[in-house]
Amino acid sequence: MPLEIRELVIKASVGSEKASAVNSSNSSSASKGDESTINEIVEKVLEIIKEKNER
């Protein structure tokens, strides 16, 4: 019997607590870079999911 996944939740934590403390002080300049990186990752994940659905 096939199993259908209706919802996929992905949570990730990158770096350590020390790194997050440093990033919070530079949040105005780092947030744009972090946001673009996150967007790229999300796009790649969606492409992979789309490819698997097409099979």
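Modeller: Here it is; note that this is a predicted model.

Biologist: Is I5 buried or exposed?
Modeller: Exposed, because its relative accessibility is 65% and the cut-off for exposed is over 50%.

Biologist: Which residues make the nonpolar surface patch?
Modeller: L3, I5, L8, I10, I38, V42, L46 and I49 make a patch of about 850 Å².

Biologist: Switching topic, how many helices and strands does the protein chain have?
Modeller: Two helices and zero strands.

Biologist: And what percentage of the residues is buried?
Modeller: Of the 55 residues in the protein chain, 2% are buried. The chain's accessible surface is about 5,800 Å², and carbon and sulfur atoms account for 54% of that.

Biologist: What about charge, which residues gather in the negative patch?
Modeller: E40, E43, E47, E51 and E54, on the surface.

Biologist: Where does E40 lie?
Modeller: In helix α2, which spans residues 27-54.

Definitions and conventions
Residues numbered from 1 in each chain as written. Predicted model: local features only at pLDDT ≥ 70, side-chain atom pairs only at ≥ 80, totals over all residues. Heavy atoms only, no water. Helix = DSSP H or I, 4+ residues; strand = E, 2+ residues; numbered from the N terminus. Buried < 20%, exposed > 50% of the residue type's maximum accessible area, 1.4 Å probe, protein only. Areas by Shrake-Rupley, 256 points an atom, 1.4 Å probe, with all protein chains shown as cover. Patch = residues over 30% accessible without salt bridge, like charges linked within 9 Å, V, L, I, M, F, W, Y side chains within 5 Å. Salt bridge = Lys/Arg side-chain N within 4 Å of Asp/Glu carboxyl O. Lys, Arg positive; Asp, Glu negative; His and termini not counted. Charge placed at Lys NZ, Arg CZ, Asp CG, Glu CD.
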